[in-house]
Amino acid sequence: QVQVVESGGGLVQAGGSLRLSCAASGSIVTRNLMGWYRQAPGKQRELVASINSGGSTNYADSVKGRFTISSDNAKNTVYLQLNSLKVEDTAVYYCNAYVRSIRDGWRVYWGQGTQVTVSS
């Protein structure tokens, strides 16, 4: 079985920074893509950033230049550095991982989410 666990959320003032971590563990054979999504109250979940096993990254336009995604492939861990935070970045941030496991083959797994709150 594969588990995805996020950490690092919290409360920060506008203009501040946070670093989120996400670790995928379990019977993982190989990892293709990991990413961060967010969902604000009353809104749909949206992609924030993603990174593949080769290190290629993709960002939502709203976070380009402020957020940075990185990974440690050996640990199946991804990080999201959030800088210059805005009130509108407030949301629950979810990590997902597209991995191949021994038992289930290729599947997408989601973490439980971590709250990021930016105050004005």
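Let's start with one residue. Ser101 touches Val2, Ser27, Ile28, Val29 and Tyr109, leaving aside neighbours within four places in sequence. Contact here means heavy atoms within 4.5 Å.

A word on the source. This is a predicted model, where local features need pLDDT of at least 70, side-chain atom pairs count only at pLDDT 80 or more, and totals for chains, interfaces and linings use all residues. Residues are numbered from 1 along each chain as its sequence is written, and side-chain values use heavy atoms, with hydrogens and water left out.

Back to Ser101. Where is Ser101 found? Ser101 belongs to strand S9, residues 91–101. Strands are DSSP runs of E, at least two residues, and they are numbered from the N terminus; helices are runs of H or I, at least four residues.

Is Ser101 buried or exposed? Ser101 counts as buried, because its relative accessibility is 4%. The cut-offs: buried is under 20% relative accessible area, exposed is over 50%, and partly exposed is in between, with a 1.4 Å probe and protein chains only.

Next, two distances. The side chain of Ser101 reaches the backbone nitrogen of Asp104 at 3.1 Å. The C-alpha atoms of Ser101 and Gly26 are separated by 8.0 Å. Those two residues are 75 residues apart along the chain.

Now the sheet. It is open and has 4 strands, in the order S1-S3-S8-S7, with antiparallel pairing. Two strands pair if DSSP finds at least two bridges between them. Which strands stand at the edges? Strand S1 (2–7) and strand S7 (67–72) do. Each has a single partner strand, so one side of each is left without a neighbour in the sheet. On average, neighbouring strands of this sheet are turned by 15° against each other, direction ignored. The axes are lines fitted to C-alpha atoms, for helices over the stretch in contact, and angles run from 0 to 180 degrees between N-to-C directions.

Look at one pair. Strand S3 (residues 18–26) and strand S8 (residues 77–82) run antiparallel, joined by 6 bridges. Ser21 has Tyr79 in S8 as its bridge partner.

Last, two loop residues. Asn76 sits in the loop between S7 and S8. Asn76 is not a glycine, yet its phi is positive, about 50°. With a relative accessible area of 16%, Asn76 is buried. Ser84 lies in the loop between S8 and S9. Its phi is also positive, near 50°, in a residue other than glycine. Ser84 counts as partly exposed, because its relative accessibility is 41%.

Key. Polar contact = N/O pair within 3.5 Å; in protein donor to acceptor, adjacent residues only side chain to side chain.
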